[in-house]
There are 2 protein chains.
Amino acid sequence: MLRSKKQGKEIARFKMTKERHGKTMLKAIADGKADKQVIPLLKSIASAKDFFTSSSCSGRIILLKLDAKGSKAESAFIERWHKQVKFGEFMKAVRNAKGNEIWLKLDPFILHVGTNSLENARRILKVMQGAGVKRGGIASAKGGKFIVEMIGTQAISLPVKSRGKMLVESGYLKWLLAKANKKLSANYAHLKRLQNEFERELE
Amino acid sequence: MLRSKKQGKEIARFKMTKERHGKTMLKAIADGKADKQVIPLLKSIASAKDFFTSSSCSGRIILLKLDAKGSKAESAFIERWHKQVKFGEFMKAVRNAKGNEIWLKLDPFILHVGTNSLENARRILKVMQGAGVKRGGIASAKGGKFIVEMIGTQAISLPVKSRGKMLVESGYLKWLLAKANKKLSANYAHLKRLQNEFERELE
């Protein structure tokens, strides 16, 4: 195949990008910073020649502190659980939480997969469709680099405390946390389905 | 410019698709089925040669009925408001709501814009970025048709009633509905910003 100079440069750049993200991923895993549930999927994708993963989250239950304006900042996380949470542990965190407004959220998984051509980006869209992932798409398409974002659908989002005062009863929170734990399991099952679909497409 | 037979077919097909979606849109507006807040944006996009809109929602406050399995179906909508809701009207709908579980949700806008080339799809991604829309991307890229999905970020999602029994206090719901109304306004302001950004790009 004949390649233009531009194509050659893009291929070399993609290889470097893939290597860099691969190293970042391995370091995150070694440092215990990667969410356990998403590691097999990250490794599967990293082992495929034309694909890499950049940022990702396996899905989580969080307590978030919002300022008076209602805006969110990374520093405003009070707690993040990437696994089932026991009610006692959860309530302790809620009770200790200080701030204008405290929200309970269940966030679904979010995954960014990079690749080197529109054709390969289309293959990722096909994988998403096959795995029933309804949210996401090619979020960036610059030169020879395509980033596909994938987002799960499970969600809970509500304020539970305001200026030190509980807004809902503890019985409701217990019931809702059980629901959040269940949704988190469903989210991880969905992630597993996405992994299987990827492995089928990439093999 | 020389065109292949395939390209010629794709161009003709795109023109037909754009016309069809344009007619569907005008009918929805005439029948009062299009959300008011999104109409100017839909019209702007439809007036540009290489773009069209397919399904869209301007953002809304909803009451949703979930079955025992927790799955959602279009038929499970109890109420949908595409505008600020008064507490009296809201509570009446909550009180009358029957079903296993009733959820209150604030859904952000969701917009699908179609175009005819990767280059034009990139322009839409650029518009999204310029307008601060963080969720979405090219959700479909088949032949000569690209669909870009755009989703706002405002969200509330919680169960308020279970098997006929209220789960939270009416005072909390009043406070939360005021918050939902405020978020809905912020969502519409975001949609307006997206419209301005589109008009700047397409002019």
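Reply: Let's start with a definition: a residue is buried if 20 or more other C-beta atoms lie within 10 Å of its own, exposed if 12 or fewer, and partly exposed in between, with C-beta atoms placed from the backbone. A nonpolar core is then a set of buried Ala, Val, Leu, Ile, Met, Phe, Trp, Tyr and Cys residues joined through C-beta atoms within 7 Å. This is a predicted model, in which local features need pLDDT of at least 70 and side-chain atom pairs count only at pLDDT 80 or more, while totals for chains, interfaces and linings use all residues. Residues are numbered from 1 along each chain as its sequence is written, and chains are lettered from A and ligands numbered from 1 in the order in which they are written.

Me: Which residues touch the most other members of the largest nonpolar core?

Reply: They are I138(A), V148(A), I138(B) and V148(B), in a core of 90 residues.

Me: What is I138(A) in contact with, leaving aside its neighbours within four places in sequence?

Reply: A contact means that two C-beta atoms, placed from the backbone, lie within 7 Å. For I138(A), the list holds A121(A), F146(A) and V148(A) from chain A, and G137(B), I138(B) and A141(B) from chain B.

Me: How many residues of chain A are in contact with chain B?

Reply: There are 18 in chain A, and they touch 18 in chain B. On the chain A side, α4 (118–130), β6 (135–142), β8 (156–162) and α5 (170–202) each supply at least two residues. The biggest share comes from β6(A), with six residues. (Helices are DSSP runs of H or I with at least four residues, strands are runs of E with at least two, and both are numbered from the N terminus.) By class, this side of chain A has twelve nonpolar, four polar and two charged residues. Here Ala, Val, Leu, Ile, Met, Phe, Trp, Tyr, Cys and Pro count as nonpolar, Asp, Glu, Lys and Arg as charged, and the others, Gly among them, as polar.

Me: How many helices and strands does chain A have?

Reply: Chain A has five helices and nine strands. Its C-alpha trace spans about 70 × 30 × 30 Å along the principal axes. Buried residues make up 34% of its 203 residues.

Me: Which strands does β5 of chain A pair with?

Reply: Strands pair if DSSP finds at least two bridges between them. In chain A, β5 (residues 110–115) runs antiparallel to β1 (residues 51–57), and five bridges join them; F52(A) has G114(A) as its bridge partner. β5(A) also pairs in the antiparallel sense with β7 (residues 145–151), over six bridges, and there T115(A) stands opposite F146(A).

Me: What does β2 of chain B pair with?

Reply: β2(B) (residues 60–66) and β4(B) (residues 101–107) are antiparallel, with seven bridges, and L66(B) stands opposite E101(B). Four bridges join β2(B) to β3(B) (residues 77–81), again antiparallel; I61(B) stands opposite W81(B).

Me: How many residues does helix α5 of chain B have?

Reply: α5(B) (residues 170–202) has 33 residues. A helix's expected span is 1.5 Å times one less than its number of residues; α5(B) reaches 47 Å from its first C-alpha to its last, close to the 48 Å expected. Its buried residues include Y172(B), L184(B) and F198(B). What covers the buried residues includes α2 (39–46), α3 (87–96) and β8 of chain B.

Me: Which value does phi of R163(A) take?

Reply: Most residues other than glycine have a negative phi. Phi of R163(A) is near 45°, a positive value. R163(A) is found in the loop between β8 and β9 (165–166) of chain A, and R163(A) is exposed, with 10 other C-beta atoms within 10 Å. In chain B, phi of R163(B) is near 45°.

Me: Where is M166(B) found?

Reply: M166(B) is found in strand β9 (residues 165–166) of chain B. With 15 C-beta neighbours inside 10 Å, M166(B) counts as partly exposed. The C-alpha atoms of M166(B) and V94(B) are separated by 8.9 Å, although these residues are 72 apart along the chain.
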